[in-house]
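Me: I would like to go through this structure and check each term against its definition.

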2 protein chains.
Amino acid sequence: MDKDNDLTIRQPVAAKPKIPPPSIFAKPFARSTDPGVVQLLTEDEQAALIAISRVVEFRRHTVIYPEGGRSRFVYNVISGVAETYCLLPDGERRVSSFLFPSDLLGLSENGEYVATAQALTPLTAYKMPFEDLARLVRRDPDLDVVFLCKLCHELRQAERHTVTAIHNDARARVAGFILWLWRSEVTALTDDTTVTLPMLRHDIADYLGLSTEAISRALHQLETGGLIQRRGPRALQLLNIQELRRAAREI
Amino acid sequence: MDKDNDLTIRQPVAAKPKIPPPSIFAKPFARSTDPGVVQLLTEDEQAALIAISRVVEFRRHTVIYPEGGRSRFVYNVISGVAETYCLLPDGERRVSSFLFPSDLLGLSENGEYVATAQALTPLTAYKMPFEDLARLVRRDPDLDVVFLCKLCHELRQAERHTVTAIHNDARARVAGFILWLWRSEVTALTDDTTVTLPMLRHDIADYLGLSTEAISRALHQLETGGLIQRRGPRALQLLNIQELRRAAREI
DNA sequence: CGCGATATTGAAGTCTGTCAAGCCCTGTGG
DNA sequence: CCACAGGGCTTGACAGACTTCAATATCGCG
């Protein structure tokens, strides 16, 4: 629609960055001209969502909502990165997903959030009361299809994550993760081959089912192989994307 | 139609088992009195779905639809078990899910099925033309919410599968898988502690990210520990469900 | 500039994958 | 109904990969 893209992640310190509208991207399940992800919301729908929403901001490491908490709101990320995790009975933490701009946040079950959501960077989002959203969806069949589409998209992604994470070794998992991050952070960026890692090694390790040491070693391997270059612990330079995709077994 | 049931989900041999209506179970995301899975379809909605559906049957090992094929239909399983899998570039097969009665089948992307679906047992299903279903959903906002609910449910399940499969050892994965199967096969059963494994070890192994040998060894461990008893390669008796849950790290 | 937390690197142990062999089940055909 | 053949399942041995434990290096924040 408009250039909500330029804000997705980093943004030069602007005087008053204007807020992009609510945004839901997905690959439609029906055949379409564009085989990639597309904006599913029309301007009217964006306006309708804005009408029931409030823009909220979270600082780094803030809990957006807790696991088990009463689920009253759904969030549409505007900028920043978040993670969701569950706490196991034995106290361990299990990262279940990372969320980027235009992602939806607030999956619930029986009126309770199924995981804790936490901001990994400063984060802004549209906060939509669940009830209002339900009313809106019930009234606008097209909007409803939008959410169906998005959920299908997420489901496919989740299945792919499972399949690839489960069968590959550490190097392949990390390569795949880097590529996923890279695509998620895609913007109208000058330098297209830089990836920032807003999360800790621990979070990556947990998400991929590895130890933090294994992450380090895999990064070392990829660097030695000339596929990437580490620029400090939170930034990577992609040197050979073709090889990265092969390492991730995407090809 | 016929009594394919006694294989997968046993049902007393009735002369003419009447076909159960379309069925979608899920835990609602909104708070409800019943915290478990509930039937989301009203009788009217079931009738509407029947009106656009055809009941189809598949024999064991039949392909229901192929990966990459034009996605024209969505299926609602009535009886039997199916699996979906993708073929990797190197020819390997990746099982992405198992489907049971009342599950939905036919996830697509850009008009194409994202995986091959195959019957593991004789299977019957409602076959719904995608276009008709879309029309129906667009007209009936409640039905629409049903599908949203079901998709959320599937998404949660997928995330749980990932989280548990990735972090646990072979024994825990198999224990969790057995419990999942057990719950999926729940019917008005006489013997509540029997689980049938309609799929090959290879399929289980692939789904859990293990080798067939690891599955065998894990079953052996569980049997030695007195948690289960093998009754031939396709049936298990659950001896200690409490311990099984602990083994699966559910507690 | 210094401290605490995070990240990396090294060494030993454990678990699973792989390879190989034997057993069991199933389904077929007589 | 029984025998047989083929495929699936199980079990054992070994190598490889990851985890764990431990120590060092580095980053980031006050």
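Me: Which helix gives the largest share of the surface near DNA strand D?

Reply: That is helix 7 of chain B, with 4 residues. A residue is near the strand if one of its heavy atoms lies within 4 Å of it, and a helix is a DSSP run of H or I of at least four residues, numbered from the N terminus. This is a predicted model, in which local features need pLDDT of at least 70, side-chain atom pairs count only at pLDDT 80 or more, and totals for chains, interfaces and linings use all residues. Residues are numbered from 1 along each chain as its sequence is written, and side-chain values use heavy atoms, without hydrogens and water.

Me: Why is the pair A:Asp206 and A:Arg94 called a salt bridge?

Reply: The term asks for a side-chain nitrogen of Lys or Arg within 4 Å of a carboxyl oxygen of Asp or Glu. The closest N and O atoms of this pair are 3.7 Å apart, so the name applies.

Me: How many salt bridges are counted between domain 1 and domain 2 of chain A?

Reply: The count is 2. An automatic or database assignment sets the domain bounds, giving 4-164 for domain 1 and 169-247 for domain 2.

Methods. Chains lettered and ligands numbered in written order. Helix = DSSP H or I, 4+ residues; strand = E, 2+ residues; numbered from the N terminus.
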